[in-house]
Amino acid sequence: MIEIVIPLISLIVAPIVRRGDIVTFLAYTISALLIFSNITSSNYFYITHFPPPIGEFYLYSDGVSNIFGFTIALISGIVALYSFPYMTKRFGEMGLNKSEFKRYWLLYNSYTYSMFLLVYSANLIMLYIFLEITLISSFLLIYYYGYGNRRFVALLYFVWTHIASVLTLLGFILIGLNDNTLLLPYIRYIPKIAWILIFVGMIVKLPGLGFHIWLPYAHAEAPTPVSALLSPLTVGLAGYILLRIYEVDPSFIIDYRDLIFTYGFLTSSVAGFLVFVQKDFKRLLAYSTVSQMGYMLMAICLGEYGVFGLVIQYVSHAFGKSILFMSAGAIIMAYNLRNIEKMGGLHEQIPQISNASLVGFMNLSGIITVGMIGEFFILRGVAGIYGIGREAIMVILAFIISGLYSFYTMKRVYYGKPKDYSSVKIPLPVNFSLYAIGTISIVLLFTAGYIVEALMEVFVWS
């Protein structure tokens, strides 16, 4: 499992070299390419053993973990390149010199590598440990380098997401006591109270409607490279955890399917409408994340087709939202602007950022990107479970709302009468990062069969 070990190099080396961004980019990109070339493969890497009910610690790869791992590795590597010019400017604003990159790269790589290892963890306690490391490292990144009242926002983020983690841990402990093991391949039954604790914990982390209060603050005030990881990758890992528990025992989702599906629709649609009234570009994107996570809640209720849609939705959202947060960051770098009411017509001054944002919103809307495949499977799932009726209309309405707020935002930010701003040269790493992710999101549309094949290796096709 060399592709899992390679990013460890950047965790060790990046903080001690002058250009940690290049080391991180190369390590994660090589890992992503290796994972994608063997995306259907299964393997494991033994670490150690603990007495029951904990059991063995080992890393395990299958089609699902490989798809999530590929996405995390690719986005983490490319965002690292974007980080260098962005954080150089941010450090200057904060009165810090470039030596601060040592701490930044240590925290950045701790954050990304813990996300990466989380999806390959075969033991639920291992998974929880890496979930906590993602929380602590991202909390510190916001605390040290965020905007506004960053320390308060970091603590708000820490408290809410720690509640999610503790609830999940309690659920894991109950599973271990019931099955006398925490090894995912050997767990046979999930007690209902454990399912409830894990589900509520992951609803807080997604977050679902009503639990979303923390997310607009955290994603808006985090340094933009962290926002480009936090929203696209981290919150979606709640969907991964729910999927793994569902894979073991889907009874809870089946029993409460209608309720969960309706809640997912409300999360997606209400948050989608809230996007329209946001004035801060990064807060707008945060509410869009809540809306997109509603797709995952609907998808997990829709059988095997829905599960396929959930996984591909994670990929699509990660690509689209990382582009959009980096685009928002590019506007901050160029004009120190976040207020959408002061934007408008920016396509004239920064067309490359405008065009990249369009591809980002196309991912969220499922247009000529891998997001099309995710939406197809969600629709196929709803037709298979509910037929062509009210629920199908609900899914289509959620998709329409995403398309409407996407292109309404494009109009507000990039089109219309240009404001009196001069054209600005955008740093090459920023342009490269945006267009690399955008191009790959389109290419993946034509290789989606390969991704579906990997999923079929894990889930029995009925």
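Which residues have the most contacts inside the largest nonpolar core? In this predicted model, local features need pLDDT of at least 70 and side-chain atom pairs count only at pLDDT 80 or more, while totals for chains, interfaces and linings use all residues. Residues are numbered from 1 along each chain as its sequence is written, and side-chain values use heavy atoms, with hydrogens and water left out.

The answer is Phe172 and Phe281, in a core of 173 residues. A nonpolar core here is a set of buried Ala, Val, Leu, Ile, Met, Phe, Trp, Tyr and Cys residues joined through side-chain atoms within 4.5 Å; buried means under 20% relative accessible area with a 1.4 Å probe, counting protein chains only. Helix 14, spanning residues 303–335, gives the most to this core, at 20 residues. As for Phe172, once neighbours within four places in sequence are set aside, its contacts (heavy atoms within 4.5 Å) are Leu124, Leu127, Tyr128, Leu182, Ile198, Ile241 and Ile245.

Zooming out, the chain has 19 helices and 2 strands, taken as DSSP runs numbered from the N terminus (helices H or I, at least four residues; strands E, at least two). Buried residues account for 63% of the 462. Of the contacts between residues at least 6 apart in sequence, 81% join residues at least 24 apart.

Note on methods: Buried < 20%, exposed > 50% of the residue type's maximum accessible area, 1.4 Å probe, protein only.
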